[in-house]
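Welcome! Take a look at the structure, then read on.

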Amino acid sequence: MGGLVIKGDLELVLDPLEVEVALRFTPRSQGPQWGVEEILKLLSERQIVPPPSPKKMEEVLFNLARAKSPVTEVLLRGQPPEPTVPERVQWLELPIPGELTPYVDEALERAGAPIVYRIKTEKIKRETVVTKPGPLPFLPPKKEVVITYDKKESRERVFVDTTVQDRLYADRGVKVGTLIPAKPGKPGKSVFGKPIPVSENDKTNFLFGEGLRVERNEIYCDTSGIIRVGDGWADVVPLPRHRWRVERGTDGTTLYLYFEPGLRELPLPDPITIKEAARSQGAVDKYLISDELIKKELQKALETGQPLSAFPLTSYQEADARVEITPDGLRAYLYLRKGMAGAPPLEPKRIGEVIRQSGVRLKDPQKVKTDILAFLKGPATELSDYILAEGTAPSRGKDKEIKITVSPLNEEEWQKKKERLQQWLSHPLQKGISLLFPPEEATISAMVQKGSRVAQLVSAASGTPGMDVYGQPIPAIPGNDPDMDYSSGLSLIKGDLICEQSGLLLIKQVERSYVFQLLEYQDARITVQIREDGMEATLSLEKEQGAGTPLTAEGVRQALSDAGVQRGIDGNALGDLIKEALEQGSAGPRVVARGEPAIPAGGVALVWQLPSLQQEGAPMGRQPTKAPVEKGQEVAQLIKTGEAGRAGFDVRGNVIEPEKGEGFPVKYDESLQALPFERGLRLIAGRSGELVFDGWSLTIRSQYVVSADVGPRTGNINFTGEIRIAGKVQSGFAVFGGTDIYIGGPVEGALVSAGGKVVIQQGIIGGDRGVVRARKTIEASFVERATLLAVENIVIKNGALGCNIKTNGKLHLVSERGVLVGGVCKARLGIDVMQVGSERGIRTEISFGQDYLIADQIEVLEREQEKVRQAIQALDKQIKQALASGKNIDGLGAEKVRLLKLLEKYGMKLFTLREKFEEHFPSEIRVRGNIFPGVVMESHGRYYEVKQRRSQVVFFFNRETGRIQEKSLV
């Protein structure tokens, strides 16, 4: 074969695996020649087949020909074997938690060398002789030997390189990585055409120690701790941290805490963080347990080393379902709460019953049903402010107008009043008075009387009615009131502005804005009355009010003079009357001037000794008289005038000649005792009662009878016996009776006090001023805005409205109209009534079952106790000042000791009274008809408020439970 030839030494080189043949050539000019044929021959001698391609041969020869020094060229390559790729792990990112970092090195050092095993699998041959039936029935059975192989696995410990290449951290049950399977190698082929096997590798399998397991090539951690990763191995060094989670229970509502304690050295989970996790799952703050309780349970689990399982984070709550109606009746809300922490679940049936009982009209029942079911199936524990039904609000009418109804003062009158007001307001005592506006800004002024209407709100067109959630109509809203302000002393009652007191009304009007200001303004009143015969003048005084013209002695004397009273004026009586009027506001009528009757020769003068009739020594004529007296009291004197007689005079100053006088004998019965003295006879009362003088004879009756009203003509009555009044008792007057009091007419804003019982045929119209008190019983037809105090029972035929009632007996409202509405009632033995409260929800307070007279004593004693404390404080201040100035404090010290002993005495007495007040008396509130919301009952400090209308019920205090309870009357 022709071609390229090279000269030199040529050597055939074969590698140990026989996968590569190379030519090692050393050029030498005198060396042998080598061409393609010589090289092929050399290959053939070594049995290397198949030979290289001609092209390859030419390429190698060309490279060798260019060599100037020894060189090696690869001539032929076989196929080298591919090695087996061992198993490897793709680990997840699992950093070591910061709180565990301080403990990692110690844990690894304590763990020692890793202990890993290789699983060896062997096949064990098993031969079993099996008998099979012959192919034909008459042929004998055939025996065959069946060969099977059993798989046997065994663990073989492997000692590995203990160098840790990486450290990870995982909690128990967490996936930590993925096992990538081994890739088997491929055999090679030598240049001789022979196969080259893959070399065996002992590190094909990745070895796992304790704490790690493989499931379908996924690696899981069975023990919380540090994962040590080495060359082909990994294990877990236990180093648990605290693990916790919050899960919802099977009831779908309760949230439970699960906690696995880790290292004791680690801080416990923060209860705030645990609660936050609960909130993220729908927990409501008000139902979560306290931080302290969570911390306590965590600490207990840490100390015992036992996991905390299914610990409820919500407190025990009963399921609840209710419908709440807004006060205006325009919206109904549904409130639902699921039972929690073991409480019975909230059932749809219960919800439906609550909705039915509420009576509201549902706009979309299907939607409500859907929403309720969604709530019950959902995670929320509460459903609040869910709009169940909505009504239609009524519209408002046009705004109201103000109509002034007083007669204004003319300009001249207003100027006088304004000047007087300015003088009064400039007085130092009035510096602190607060006015809505200065008097000079008033546009209208008028004098008004108590109870009069000064303005009226006039309604315009009304609005459109609405409908509440029950489907009931709601009246239209009246128009807005105008911009109006008014001072104290005025009240707006059903659109009328009413005066609560008399005075001067000032009105400031600016367009539609009105300000009403009522000022106390009442001139002093001086009323002089002269008896028809001119022998007596009476005087009534009323002190000024507010800015009115003041009451003065000079003004009183001028009024007497203007009335014609010139003689017989009693200066002492006049001064006392003025003083009383200035102190008490009013006084009289009282006799302040008397004439002296003429007495003919040989006559007898009757001189009353009773202060209630006239001053001592003042003579009287034949005027019929009545007055209360007590046994042993001097009533009158019969004084002889002599033979010449005596001239007299009247209060106008007219002289009365003796012959015009009237001499008369005075008769008296056994009720009076006559005692002689130098000027005549003293008449002494033989018994208590009413003194009656008909102009001729004197007697004392055991009853005090008033045939008309108790008022200005009778004055106040104070009688030790029985009192019978045919008429009424007017406002501002008082009746005091030693025994029983019988009144035929009504009692107004007056005081009636009896040592026995009080019987009022008509009613009591107290006007917040009337007081009736009795040591026995009180009977009346009705009572309005009055105070009733009785030691025994109080019996009212009809109603008691807005009253303050206190009895140590029982309150009876006997008729079918026997209603108790408003005010405060305290009845030791309870109440028997037809109706309590009203549909308008007027607040009515009732106390029962205790001695309320003792409560009064406690109140009085507490006030006295407070006075003593204040006196001690003032005394301490005086002692301190005396010590600072060097004065003697012996007297002050003795007084302080006395006050301290008195304070101690009051304290002991209060202790005893309070114990007595706690004593319970059998009693009940017996309602024959209805009792309405707004009624509040109390006994022994326990309260019961009526939330909905009740009929024919009895309320009583249960001493065992300490609560006010209800039972049926029927």
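**Helices and their neighbours**

The buried residues of α6 are covered by elements that include β20 (320–325), β21, α7 and β22. Keep in mind that this is a predicted model.

**Helix α6 (348–358)**

- Ile351, Gly352, Val354, Ile355 and Ser358 are the buried residues of α6.
- Looking down the axis of α6, you find these buried residues within an arc of 160 degrees, so they line one face of the helix.
- Turned away from that buried side, α6 carries the exposed residues Lys349, Arg356 and Gln357.
- Just after α6 comes Gly359, which has a positive phi of about 80 degrees.

**Helix α7 (365–377)**

- In α7, the buried residues are Val368, Ile372 and Phe375.
- Viewed down the axis of α7, its buried residues fall within an arc of 60 degrees, so they line one face of the helix.
- Gln366 and Lys377 are exposed on the other side of α7.
- What do the buried residues of α7 pack against? Their partners are β21 (331–337), α6 (348–358) and β22 (382–390).

**Helices α4 (271–280) and α5 (291–304)**

- α4 and α5 pack at an angle of about 110 degrees, and their axes are 9 Å apart.
- The two helices α4 and α5 are therefore roughly perpendicular to each other.
- From α4, Pro271, Ile272, Ile274 and Lys275 meet Asp291, Ile294, Lys295 and Leu298 of α5.
- Sorted by class, this contact of α4 with α5 has 5 nonpolar, no polar and 3 charged residues.

Notes. Residues numbered from 1 in each chain as written. Predicted model: local features only at pLDDT ≥ 70, side-chain atom pairs only at ≥ 80, totals over all residues. Heavy atoms only, no water. Axes fitted to C-alpha atoms, helices over the stretch in contact; angles between N-to-C directions. Helix = DSSP H or I, 4+ residues; strand = E, 2+ residues; numbered from the N terminus. Parallel < 35°, antiparallel > 145°, perpendicular 65-115°, else oblique. Contact = heavy atoms within 4.5 Å. Nonpolar A, V, L, I, M, F, W, Y, C, P; charged D, E, K, R; others polar. Buried < 20%, exposed > 50% of the residue type's maximum accessible area, 1.4 Å probe, protein only. Arc of directions from axis to C-beta.
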